[in-house]
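Biologist: Could we go through the side-chain contacts in this model? I would like to begin with the aromatic residues.

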Amino acid sequence: MYIQIRTMFGGIVGNNRGMIGRSANFGNVHSDGQAVGGIAGLHGYYNASGYIFECVNFGMVSSKVKCTGGIVGYAGGNGSASRAYIYNCYNVGTVTGGELGAGIIGEASYDGGITHIYNCYNIGNVSNEEIIGHSFGTVIKENNYKKQEVTIEKLKIKSNIDDQLKQTETYKNDIWLEDIKNTNQGYPILKWQQEDVNIK
């Protein structure tokens, strides 16, 4: 599958103002514009809150302009009430962008928005930064790892992430598993991937 559109596009959704969980993108996503992500193009924008949890991108994500991310292109912006949460996600796909191309988020926290990123890792080839390409404002981040750093032990460390996340059903220590079948180059996988035989 190959998806192409001008701007604000993702492998799962273009503009996320709600919740995306336990999803995987296998398609390649390309744009001549900006705000391009393996899961979502925009996330938690325009004074809205958005949650992305336990998601993985395997597809190549590319843009000719900027703000390209393995998980999200733009996160947490255009309004002081904007909140973007990304937790327990990882990227395998190659990410290329003119600028601000990164393994998890291309650009974060513009114009008063706040981005929370927790327990994510990138093992894909990227044109810029491994985790976040650029941030204009507040980014609360914890337990995020580059390819050479990630281990399952680190991903299972109990976090001090904010109370709102702690109260969600997805805040558990048993969501990561060892890649005993070597389907992910030996790096940790999400528990739901093992439960679904179609997700490898």
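Modeller: Tyrosine 74 is buried, with a relative accessible area of 11%; buried means under 20%, exposed over 50% and partly exposed in between, for a 1.4 Å probe and protein chains only. This is a predicted model, in which local features need pLDDT of at least 70, side-chain atom pairs count only at pLDDT 80 or more, and totals for chains, interfaces and linings use all residues. Residues are numbered from 1 along each chain as its sequence is written, and side-chain values use heavy atoms, with hydrogens and water left out.

Biologist: How many aromatic pairs are there?

Modeller: The count comes to 11 aromatic pairs. Rings of Phe, Tyr and Trp (its six-membered ring) pair if their centres lie within 6.5 Å; planes under 30 degrees apart are stacked, over 60 edge-to-face and the rest tilted. Tyrosine 45 and tyrosine 74 are stacked, at 5.5 Å centre to centre and 25 degrees between the planes.

Biologist: Which residues do ring pairs link into a cluster?

Modeller: The cluster consists of Phe26, Phe58, Tyr90, Tyr121, Trp176 and Tyr187.

Biologist: Turning to charges, how many salt bridges does the structure hold?

Modeller: There are 2 salt bridges, each a side-chain nitrogen of Lys or Arg within 4 Å of a carboxyl oxygen of Asp or Glu. Arginine 22 pairs with glutamate 54, the closest N and O atoms being 3.0 Å apart. Lysine 64 and aspartate 32 form a salt bridge at 3.6 Å, N to O.

Biologist: Is glutamate 54 buried or exposed?

Modeller: Glutamate 54 is buried, at 2% relative accessible area, whereas arginine 22 is partly exposed at 40%.
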